[in-house]
Amino acid sequence: MKILIDGIEIEAQPGETILEAAKRTGIHIPTLCYHEAFGGQGSCRFCMVEVTKNGSSRVVASCTYPVNDGIEVKTSTPQIDKIRRNIAMLLYKRAPNSLFMQTLYKEHLCTENNLTEDPHEKCILCRLCVNACASMGVSAISTVMRGTDKRVATPYDDAAAVCIGCAACAQVCPTGCIEVQEEGNTRRIWNRDFVMVACEDCGKKFATREQLAYIVDKSKQDSPEGELQLCETCRRKVIARKLETFNG
Ligand code: SF4
Ligand code: SF4
């Protein structure tokens, strides 16, 4: 089906969202709570766009709005820019200690600087960390409390017994507010210490013991006897070498 985004005609696929169609064709729509791995949540509203069909227009979240034939999309209008500015301002007020939010605040020409919330806060409650953890089947963290006290935490703020220390939550966090400390063989995250395992080829510490045990358990396989514990890069090199040998 054909749709127009900012005057450019593109071929959209049935079932994809406006954001996905735009991304696929290199058109930028700003997002906060979207991640390719988990799809759109429609919660931060930063990806709002104006959609016009049969002469009537509405403002929608592009990360959840499915494409349909003949729509015309505008990614920037005075109304949309104002919505984004207000969101940037509100999130900056919530998480002023985040470099990410400080940059966004400036980029969107926000003027409000009456900070009423915690000046040390970095979290914008986008839930990407919660989704990352859940998508691995762990669910060690969730949002707790309500209103202005809402935050991401482990149960009772204790060291979560189910956490495997993989740091996927920290990797997807746009504001860098999940602390991961690595020293020697130890990684500390969510109030818990994990022992890191070194790649048997390059020596890089690449995963926690719990993470590797979890992967083995999930794949319902024992580690093949004699197989080295390798980081992703070395594992790829070994596979490439094996393929070369196999292909002669
Ligand atoms: S480090 Fe723990 S909380 Fe974070 S994604 Fe991994 S298992 Fe979940
Ligand atoms: S910790 Fe990071 S990823 Fe998780 S909700 Fe807060 S800002 Fe989003």
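Visitor: Where is Ile-80 found?
Guide: Ile-80 is in helix α2. This is a predicted model, and that applies to everything below.

Visitor: Is Ile-80 buried, exposed or partly exposed?
Guide: Ile-80 counts as partly exposed because 17 other C-beta atoms lie within 10 Å, whereas a buried residue needs 20 or more and an exposed one has 12 or fewer.

Visitor: What is Ile-80 in contact with, leaving aside neighbours within four places in sequence?
Guide: With that exclusion, the contacts of Ile-80 are Met-48, Val-49, Glu-50 and Val-59.

Visitor: And Gly-137, how many Å from Ile-80?
Guide: Their C-alpha atoms are 36 Å apart in space, and the two residues are 57 apart in sequence.

Visitor: Back to α2. How do α2 and α3 pack?
Guide: α2 covers residues 78-94 and α3 covers residues 99-107. The helices pack at an angle of about 150 degrees, and their axes are 9 Å apart. The crossing is left-handed.

Visitor: Which residues meet there?
Guide: From α2, Ala-88, Met-89, Leu-91 and Tyr-92; from α3, Met-101, Leu-104 and Tyr-105. By class, the contact has seven nonpolar residues, with no polar and no charged ones.

Visitor: Change of topic. Which residues are closest to ligand 1?
Guide: Cys-133, Ala-140, Cys-163, Cys-166 and Cys-169 are the closest, out of 14 residues that surround ligand 1. Two elements give two or more residues to this shell: α4 (128-135) and α5 (168-172).

Visitor: What is the shell around ligand 1 by class?
Guide: There are 13 nonpolar residues, one polar and no charged. Note that Cys counts as nonpolar in this scheme.

Visitor: And which are closest to ligand 2?
Guide: For ligand 2 the closest residues are Cys-123, Cys-126, Leu-128, Cys-129 and Cys-173, and 13 residues surround it. That shell splits into 11 nonpolar, one polar and one charged.

Visitor: Now strands. In β1, which side chains are buried?
Guide: Ile-3 and Ile-5 are buried and point to one face of β1, which spans residues 2-5.

Visitor: What does β1 pair with over four bridges?
Guide: That is β2, residues 8-11, and the pairing is antiparallel. Within it, Ile-5 has Ile-8 as its bridge partner. β1 and β2 form a hairpin with two residues between the strands.

Visitor: Which residue in the turn has a positive phi?
Guide: Asp-6, with a phi of about 50 degrees.

Visitor: How does β5 run relative to β1, parallel or antiparallel?
Guide: Parallel, with two bridges joining β1 to β5 (residues 72-74). On this side Leu-4 has Glu-72 as its bridge partner.

Visitor: What is the order in the open sheet of four strands?
Guide: The order is β8-β9-β10-β11, with antiparallel pairing. β8 (180-183) and β11 (205-208) each have a single partner strand, so one side of each lacks a neighbour in the sheet. On average, neighbouring strands of this sheet are turned by 35 degrees against each other, direction ignored.

Visitor: How many bridges join β10 to β11?
Guide: Three bridges, with β10 at residues 192-198 and the two strands antiparallel. Val-197 stands opposite Ala-207 of β11.

Terms used: Residues are numbered from 1 along each chain as its sequence is written. Chains are lettered from A and ligands numbered from 1 in the order in which they are written. This is a predicted model: local features need pLDDT of at least 70, side-chain atom pairs count only at pLDDT 80 or more; totals for chains, interfaces and linings use all residues. A residue is near a molecule or strand if its C-beta atom, placed from the backbone, lies within 6 Å of it. Two strands pair if DSSP finds at least two bridges between them. Axes are lines fitted to C-alpha atoms, for helices over the stretch in contact, and angles run from 0 to 180 degrees between N-to-C directions. A crossing is left-handed if the near helix is turned anticlockwise from the far one by less than a right angle, and right-handed if clockwise. Two residues are in contact if their C-beta atoms, placed from the backbone, lie within 7 Å.
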